[in-house]
Amino acid sequence: MPQFSNMSARLLGRFRSGLYASPRYLAGVQPPLHPKDLLSHKLLGFYDGQTIDTWALTDGKSEFQIKPTPQFLSNDYWIVKISAIHDHGIGFLPDFFANLEEKEGLLRRVLPDWTSPQIPVYCLFWSHRFANPNVRLLVETAARNFDAIASYLYTASRQDVHLSEESEQGPGI
């Protein structure tokens, strides 16, 4: 977390990330048994504009870091998730962001015993602004409701359409 003398921070909560891929992708490959096996897979990476995220994983006993050489790279987690749903490889996604697709069968957890360490989320604000009741209310509401983020509908869908079907039925059907 950045340190600024004129800023304050409030911990909102923590989350974990995990490895996800589509059932169809996993059916066509030898599933990884250990994080080191990920290097032989198609990986979907997140790029923050400066570096490709390193995937830090733990199973509670051991830690493992992988600097993926992704087949696909995006600066948008939605694009990474949609790419995983459409069989392009294994993505490292926040659990709250992939939970619904996992429940719907669009994604499967890969190496389910391995997750990221807990990642803290802070609200960072100018210290003098906390005296403003609107800023205080926003920060307190965000902290109180952070756990509800897991139930927000960050859902994607998949509709396989064959070109022959599309031409008969029209686009988008």
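User: Which elements do the buried residues of α3 pack against?
Analyst: This is a predicted model, in which local features need pLDDT of at least 70 and side-chain atom pairs count only at pLDDT 80 or more, while totals for chains, interfaces and linings use all residues. Residues are numbered from 1 along each chain as its sequence is written, and side-chain values use heavy atoms, with hydrogens and water left out. Helices (H or I, at least four residues) and strands (E, at least two) are DSSP runs numbered from the N terminus; contact means heavy atoms within 4.5 Å. The buried residues of α3 pack against β1 (7-15), β2 (17-21), α2 (77-85), β7 (90-94) and β8 (108-110).

User: Is D95 buried or exposed?
Analyst: D95 belongs to helix α3 (residues 95-103). Buried means under 20% relative accessible area, exposed over 50%, partly exposed in between (1.4 Å probe, protein chains only). With a relative accessible area of 14%, D95 is buried.

User: Which backbone nitrogen does the side chain of D95 reach?
Analyst: Not counting residues up to four places away in sequence, D95 touches R16, S17, G18, Y20 and R109. At 3.3 Å, the side chain of D95 reaches the backbone nitrogen of G18.

User: Which residues have the most contacts inside the largest nonpolar core?
Analyst: A nonpolar core is a set of buried Ala, Val, Leu, Ile, Met, Phe, Trp, Tyr and Cys residues joined through side-chain atoms within 4.5 Å. The largest has 14 residues, and those with the most contacts inside it are L19, L38, W55, I90 and V110.

Note on methods. Polar contact = N/O pair within 3.5 Å; in protein donor to acceptor, adjacent residues only side chain to side chain.
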